[in-house]
Number of protein chains: 2
Amino acid sequence: MKVLDNRILQEGVCLTGGALKVDFFINHQIDPYLMKQISIEFIRRFADLDINKILTVEASGIAVATMLGYMMEVPVLFAKKKQPITMSSAYHTTVHSFTKQNDYEIVVSKDFLGPNDRVLFVDDFLAFGNTGCGIVELCRQAGATLLGMGFIIEKEFQHGRDALRAAGVNRIESLSIIESLDNGTIHLKTTK
Amino acid sequence: MKVLDNRILQEGVCLTGGALKVDFFINHQIDPYLMKQISIEFIRRFADLDINKILTVEASGIAVATMLGYMMEVPVLFAKKKQPITMSSAYHTTVHSFTKQNDYEIVVSKDFLGPNDRVLFVDDFLAFGNTGCGIVELCRQAGATLLGMGFIIEKEFQHGRDALRAAGVNRIESLSIIESLDNGTIHLKTTK
């Protein structure tokens with residue numbers, strides 16, 4: 001997605017350890033107009049799917065998920081990173097974070113995910129695919145149909161796409177794909 | 001705000017300890033169309049202010065802040081609940097949570113808040129006002145002008161409004177105001 005590629009090249013910052021900082025428009029400051037453009041592109045790419053719920057994970061995914069849900073007129077659900085004491089009955093699974101080198105839990109209430117849900121999962125980054133695999137597991141527990149996954153940015157060199165395919169996700173769309181961050185330089189894949 | 005009052009009465013759940021669960025449309029599942037209606041109401045109530053940035057706190061505030069920023073065509077910034085290792089230079093302050101009985105830090109990068117910012121802070125709940133007071137302190141550190149604060153739901157019996165006024169916030173708007181949750185019943189104040 002050209003407009004997103006340009007923003008990443010202009011404002012993204014390479015960090016050590018394969019991390020890309022996009023705090024200017026996605027992860028801390030949010031450009032809501034860009035979120036709308038991104039949502040429209042997701043709608044275009046997943047146009048053939050009969051989606052009735054947008055799923056994401058707190059916190060950075062919430063902005064794009066809200067905008068996408070608004071445009072598609074479907075509810076949005078965000079998985080929480082630990083089970084609140086107020087949530088009585090939940091599906092949960094453990095996700096390993098490579099960047100933080102720890103495990104954390106993601107949780108959704110049984111009230112909001114079930115067999116009638118045809119889910120599109122969206123998130124800011126696809127890296128190693130661990131969060132995505134956790135989402136596959138939550139949808140499996142709930143009996144929900146996971147129709148596809150959309151990511152704003154994919155770090156191809158961390159091979160999350162392979163992990164998601166192995167977990168049974170057939171439709172994966174990433175709007176900007178980073179081939180490498182070697183030598184502190186952002187190398188983008190040419191996308192449609 | 002009538003449509004919000006009705007949703008709270010129909011779908012809100014009283015919990016022990018003065019908590020209100022609105023997981024059906026704000027805190028876990030999000031109704032994005034309601035977020036748009038809420039945003040429009042905030043725009044109406046703050047129409048006289050020259051706002052150029054929306055500020056919120058992760059995670060539940062991000063949905064309404066994104067929609068409001070989109071409608072107003074201004075950037076959105078969400079304070080983080082701990083300083084990421086990737087954030088080099090930040091304003092931070094400590095906030096006490098009455099519900100969780102612990103202290104946590106809220107942080108914004110120095111890159112995104114400064115003397116040119118005329119800020120509207122929005123969040124899902126006004127309870128004791130501790131987060132809001134933390135926001136006042138972050139804006140003070142940054143030299144930003146905090147023009148007002150908007151809350152989806154105010155729990156009046158926890159007196160956060162008094163705390164915010166004492167901290168120097170002159171404009172506070174809450175779209176639904178809860179007078180009490182006594183005996184497991186939601187008592188709403190009649191609002192315009």
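1. Helix axes are lines fitted to C-alpha atoms, over the stretch in contact, and the angle between two of them runs from 0 to 180 degrees between N-to-C directions. The model discussed in this note is a predicted one. In chain B, helix α2 (residues 32-45) and helix α3 (residues 61-72) have axes that come within 9 Å of each other and cross at roughly 60°. This angle makes α2(B) oblique to α3(B), and the crossing of the two helices is right-handed.

2. Which residues make the contact between α2(B) and α3(B)? From α2(B) come Met35(B), Lys36(B), Ile38(B), Ser39(B), Ile40(B), Phe42(B) and Ile43(B), while α3(B) contributes Ala63(B), Val64(B), Met67(B), Leu68(B), Met71(B) and Met72(B). Sorted by class, the residues of this contact are eleven nonpolar, one polar and one charged.

3. A helix pair is also found across the two chains. The axes of α2(A) and α3(B) come within 8 Å and cross at roughly 100°. Because angles of 65 to 115 degrees count as roughly perpendicular, α2(A) is described as roughly perpendicular to α3(B). On the side of α2(A), the contact is made by Pro32(A), Tyr33(A), Met35(A) and Lys36(A); on the side of α3(B), by Thr66(B), Gly69(B) and Tyr70(B). The class count here is four nonpolar, two polar and one charged.

4. The contact between the chains as a whole draws 29 residues from chain A and 29 residues from chain B. In chain A, at least two residues are supplied by each of β2 (19-21), β3 (29-30), α2 (32-45), α3 (61-72) and β5 (76-79). Helix α3(A) gives the largest share of the side of chain A that touches chain B, namely six residues. That side of chain A comprises 16 nonpolar, six polar and seven charged residues.

5. How are the two copies related? Chain A is superposed on chain B by a rotation of 180° with 0.0 Å of shift along its axis, at an RMSD of 0.0 Å. This is the relation of a two-fold axis. The same surface serves both copies, as 100% of the contact residues of chain A recur in chain B.

6. Strand β3(A) and strand β5 (residues 76-79) of chain B are antiparallel and joined by two bridges. Within this pairing, Ile30(A) has Val76(B) of β5(B) as its bridge partner.

7. Phe151(A) stands opposite Ser174(A) of β10(A).

Technical notes:
Residues are numbered from 1 along each chain as its sequence is written. Chains are lettered from A and ligands numbered from 1 in the order in which they are written. This is a predicted model: local features need pLDDT of at least 70, side-chain atom pairs count only at pLDDT 80 or more; totals for chains, interfaces and linings use all residues. Helices (H or I, at least four residues) and strands (E, at least two) are DSSP runs, numbered from the N terminus. Angles under 35 degrees count as roughly parallel, over 145 as roughly antiparallel, 65 to 115 as roughly perpendicular and the rest as oblique. A crossing is left-handed if the near helix is turned anticlockwise from the far one by less than a right angle, and right-handed if clockwise. Two residues are in contact if their C-beta atoms, placed from the backbone, lie within 7 Å. Ala, Val, Leu, Ile, Met, Phe, Trp, Tyr, Cys and Pro count as nonpolar, Asp, Glu, Lys and Arg as charged, and the others, Gly among them, as polar. Two strands pair if DSSP finds at least two bridges between them. Copies are superposed by least squares on the C-alpha atoms of residues with pLDDT of at least 70 in both.
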